Amino acid sequence: MRTKQAFMAGVAILAAATMTSAVPGGGTVSGKVTYEGTPAKQKPIDMSKEPSCAKQYAAPPPTETVVTGPNNALENVVVYISAGAPDEPPPSQAAVLAQKGCRYLPHVLAFQVNQELKITNEDQTSHNIHPLAKINREWNKSQPPGTPPISDKYDKMEFIPVKCNVHPWMHGTFAVMKNSHYSISGADGGFTLPDLPPGKYTVTAFHESYGDQTQEVSIAGSETKSVNFVFKAKPY
Amino acid sequence: MEEASDQQAHVHPPPEGFLRKYVFSLDHKVIGKQYYALGLLAVCIGMALSWLMRFHLVWPTTRIPGLELFSKAGAPGGIITPEYYLSLLTMHGTLMVFFVLTNAPFAAFGNYFLPIQIGAEDMAFPRFNMMSFWTTLVAFLVLILAFIIPDGPPISGWTSYAPLSAVGKDAGPGMGWGMNLWGISIAIFCIGSLLGALNFIATTLDLRAKGMTLMRMPICTWAWFITSCIALLAFAVLLPACILLLLDRTAGTSFFIPSGLVVSDRLQPHSGGSPLLWQHLFWFFGHPEVYIAILPSMGIVSHILINSMRKPLLSARVIIYSMMSIGFLSWMVWGHHMFVSGMNPFSSLLFSFPTLTITIPATIMTLIWLGSLYGANIRINAASLFALGFISMFVSGGVSGFFLAQPSIDIVLHATYFVVGHFHMVMGVASLFGVFAGTYFWFGKMTGRMMNQTLGQLHFWLTFIGTYCIFMPFHYLGLVGNVRRYSSFVDDFMGPLMPLHKFITIAALGTGAAQLIFIFNLIYSRYNGVPAPENPWNGTTLEWSIPSPPPWNNFGGKHPIIYHDPYQYDVKGLKGDYIMQDSPEPSAG
Amino acid sequence: MGKLFAIVLVIIALASAYPIVTHMYVMPEDISTHGHQIDEQLSDTMAEAGISFLLAQFVLAISVWKFAERKDGGKLKNFPGGAKIMVATAFILVGAEVLALGGFGQRAWANVYFTPPRPDALQIQAQAGQFAFYFRYPGADGKFGAIYPDKIDEGNQNYFGLDPANDIESRDDIVSAELVLPVNREIHLLMHAKDVGHSFYVRELRIQQDFVPGLDLSVHFTATKIGRYEIVCTQLCGLGHYNMKAYLNVMAQDDFEKWMKQKASEL
């Protein structure tokens with residue numbers, strides 16, 4: 001579902017050719033992601049087929065495909081600059097995905113193209129991680145308990161659903177980003193994209209169940225621009 | 001019936017040059033040895049795979065140093081992943097059933113000895129024969145290639161049930177090119193076996209020497225002949241089945257895949273197929289295949305026993321008719337692999353009757369072997385020990401079949417270790433004992449040097465006791481409901497069974513190590529063994545009437561004439577208590 | 001050496017029989033109404049097979065002991081009756097066993113497969129898919145919603161591919177990872193395969209039946225004892241086959257109804 005909202009039009013400066021990394025003290029885009037309507041119930045996951053994981057929870061945890069907060073906050077939305085900022089080389093530290101309690105932590109992991117992705121297995125059972133990439137290379141790997149972390153990377157931008165071949169309820173998302181301008185909405189639905197040099201940007205918000213939306217925004221100096229997204233929730 | 005002398009024009013000229021003598025040989029004896037070498041290589045690989053599997057089952061978190069060099073994805077940090085375990089299992093079964101148990105007792109010994117035992121200079125179609133070996137070798141290499149490709153070997157078991165084997169790489173690791181290689185390899189293997197079977201049949205029917213009536217053929221010759229009839233029909237079904245499977249995988253057909261399947265989050269673009277069709281095709285081949293695996297060993301063991309006992313069996317004819325009945329009945333029982341498969345339960349009942357009935361000829365043979373021992377004077381050596389051990393193993397493996405033949409009992413024993421114990425005892429042990437017996441018996445003839453008896457007997461004791469220690473406990477595990485083809489045991493009820501599993505693993509590793517004695521004996525004796533006389537065992541059949549090793553044309557240009565039944569023992573003859581088949585001396589009566 | 005063979009063989013035969021005779025490895029307790037016939041069949045077969053096994057191994061051992069490497073220069077002789085008596089024995093003994101086991105055995109089989117489920121049996125659908133079992137109860141309307149494979153969304157726990165947005169009958173369907181049953185009530189388990197072949201095996205229930213993609217198979221049974229039992233997959237289905245299981249939870253009728261109400265409230 002795409003909804004375009006009209007905002008002040010700024011002067012577009014084409015800065016695509018220049019390699020400028022994030023500018024400390026630059027502008028910020030921040031805001032909140034919320035939903036309207038009734039989201040589907042997040043049912044508790046019965047992990048009884050995997051007792052070593054089931055016993056880690058006092059009560060069965062719910063699915064995380066739609067995580068909401070107070071005041072209709074929508075969590076786990078990846079908000080990023082999809083146009084107007086150049087690609088950046090990846091940071092040196094790895095992005096870490098943990099398989100713990102038969103869930104992916106974090107549920108949505110955002111990292112950069114060619115950044116090292118490290119996957120650990122902290123459970124007593126073997127997992128088989130299967131990122132269902134369509135643009136990047138699709139692979140799946142088994143990771144028995146006690147084996148070293150899996151290390152890999154992606155070379156193209158993509159939102160990749162991740163599942164475990166052994167535990168059907170285990171699902172997550174990789175957000176492979178072209179640069180460092182991304183933020184995942186928290187429990188209050190809030191996100192922030194700091195250190196933006198002056199320019200015209202397209203901001204995209206992606207939710208694994210509700211799709212993506214874009215808005216245009218211009219940054220002149222060290223100002224903070226507010227951008228909000230509202231997604232339509234589905235009862236089923 | 002044409003005389004053998006009329007066939008002379010068909011036989012190849014004497015071999016010249018290294019390639020013609022030892023590589024692309026038309027000589028059935030060289031081809032027999034080539035098959036034996038291939039079988040030996042396959043059994044070593046297959047056995048190593050089983051060690052890895054057994055090790056992983058009882059010590060799953062212990063690093064196997066160096067294994068990650070063989071497969072980075074399959075054994076990260078030296079620990080076997082679930083899919084790698086299944087690919088080891090698949091390759092173990094495939095190598096053992098096809099490249100060991102069809103090759104060694106049938107293609108290897110049959111090729112070597114069938115023409116000699118009927119008095120022929122070579123097989124009817126020496127070129128076909130050469131092609132059959134090289135085709136089989138190509139099939140082997142294609143299969144081994146699956147270990148080397150990045151995605152690894154397939155994980156669907158040697159039985160490759162559809163749709164797991166048919167939908168392609170969505171089904172799991174190794175199910176892309178690994179599975180394709182499996183299908184191609186087995187299809188090529190079928191062609192090689194068909195060529196071999198044709199050759200055996202034509203040779204047996206057309207090239208027997210003068211006086212060699214069908215009933216004067218040695219029992220092992222009969223076994224190879226019956227086996228080749230079965231093989232001709234069985235492999236003729238497996239070959240198209242593999243082709244259909246490959247078509248489903250690569251050409252978008254749907255022989256075995258129905259509509260609406262969602263594998264790994266992908267809706268499969270097929271419709272109209274039947275997974276049960278694969279099972280019917282496969283087992284229609286697969287059940288006769290296990291008789292292809294055991295019949296030659298039955299023949300070899302009978303042959304060796306008679307010679308060792310110094311008296312004929314109570315009735316060779318009854319043994320031969322029993323083998324024929326087993327061959328005939330083997331076509332009617334395939335559904336017993338499918339009792340709970342979802343086929344019509346009335347069919348299951350129908351299949352159980354011939355399955356139970358096949359016990360009758362098997363029992364007849366066992367009783368004849370046992371009854372013939374009465375009043376004998378059994379020479380004990382490595383060959384006869386393995387032959388006697390065969391009887392014990394065949395009984396042990398056979399009685400567990402009695403349980404599995406009944407559909408109601410199969411409900412609780414299907415797909416458990418009980419089945420695994422059953423088929424390992426009859427195929428993995430009994431059939432292999434026939435190969436061991438034949439090796440110790442015929443090595444002298446084939447190479448000109450005798451195998452070392454002390455090492456051979458030591459090999460027997462360790463293997464006899466060791467294989468009982470490995471495979472008898474499998475039945476106990478099955479009776480408790482221990483499911484097979486599991487890469488790890490995580491179910492609640494498995495905990496108390498782990499000590500027994502550890503016992504089995506240690507027995508398996510130990511028995512495996514004992515086989516090194518056999519391999520050492522083969523190599524050592526080849527160069528340092530006592531030179532073999534023409535007839536070291538005082539045998540009566542034609543292989544003992546020619547030098548060790550035989551000349552390229554077996555009988556040196558002569559045409560043997562047969563005067564006697566194959567097992568004239570306990571009679572006064574030129575050389576003691578026996579008369580050779582081609583001896584013009586009159587028999588005792 | 002011959003005598004050593006005989007001794008070793010007797011030890012092996014006795015050692016093999018020992019765990020059987022002392023019941024060291026037996027199926028767990030039967031909690032089904034039909035299982036006792038299977039258990040009796042198994043027990044009868046074990047007796048016959050056990051006796052045949054021991055007899056044959058002992059005869060082999062004794063024969064080798066007596067007739068191997070005889071130094072006495074004894075004359076060779078034949079078993080009285082020769083081959084004829086062996087053939088006759090085989091036909092009579094085995095023939096009788098075949099008829100007995102085959103004939104009587106079909107009753108146990110018929111009980112499971114040739115008797116239809118009672119019309120008031122509780123219908124539950126089981127789905128097997130790589131690598132878990134899920135179970136579906138029809139809910140208050142007593143009807144199962146249709147399955148749409150393209151709507152399967154496991155991340156959202158829509159394991160069966162139901163379409164509650166458009167298909168009203170599926171809205172009250174209860175999906176559970178455990179097979180929860182009332183005790184002493186006949187269950188008609190409808191079996192659906194999502195992707196490849198699987199199998200349903202519960203040792204205590206004495207039930208094993210393959211799931212075949214494309215075929216509507218079912219089994220029916222009655223559980224007679226409250227408790228928690230393991231359902232395991234016995235048809236090789238991929239890398240997670242070893243870990244494909246679910247729990248069978250047999251409850252008293254009241255507890256079952258409470259559980260159903262609880263699950264309905266989570267919808």
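The partners are K245(C) and D491(B), with the closest N and O atoms 3.6 Å apart.

A quick word on the ground rules. This is a predicted model, in which local features need pLDDT of at least 70 and side-chain atom pairs count only at pLDDT 80 or more, while totals for chains, interfaces and linings use all residues. Residues are numbered from 1 along each chain as its sequence is written, chains are lettered from A and ligands numbered from 1 in the order in which they are written, and side-chain values use heavy atoms, with hydrogens and water left out.

Back to chains C and B. Contact here means heavy atoms within 4.5 Å, and 96 residues of chain C and 100 residues of chain B take part. Together they bury about 8300 Å², with 73% of that on carbon and sulfur atoms; buried area is the accessible area (1.4 Å probe) that two parts lose on being put together, summed over both. There are also 28 residue pairs in polar contact, both residues at pLDDT 80 or more. A polar contact is a pair of N or O atoms within 3.5 Å; within protein, one must be able to donate a hydrogen and the other to accept it, and residues adjacent in sequence count only if both atoms are side-chain atoms.

Which helix of chain C gives the most to the side that touches chain B? That is α3(C), with 20 residues. Helices (H or I, at least four residues) and strands (E, at least two) are DSSP runs, numbered from the N terminus.

Now please turn to chain A. Here 14 residues of chain A are in contact with 11 residues of chain B, and the area buried between these chains is about 900 Å², of which carbon and sulfur atoms give 53%. The rule finds 2 salt bridges across this interface; one of the pairs is K163(A) with D265(B), at 3.5 Å from N to O. On chain A's side, β9 (127-131) and β10 (141-143) are the elements that give two or more residues.

Finally, a look inside chain B. Helices α4 (residues 82-100) and α6 (residues 126-148) of chain B pack at about 175°, their axes 11 Å apart. Axes are lines fitted to C-alpha atoms, for helices over the stretch in contact, and angles run from 0 to 180 degrees between N-to-C directions. So α4(B) is roughly antiparallel to α6(B), a label for angles over 145 degrees. Among the residues making this contact are M91(B) and F99(B) of α4(B), and F140(B) and F147(B) of α6(B).

Methods
A salt bridge is a side-chain nitrogen of Lys or Arg within 4 Å of a carboxyl oxygen of Asp or Glu. Angles under 35 degrees count as roughly parallel, over 145 as roughly antiparallel, 65 to 115 as roughly perpendicular and the rest as oblique.
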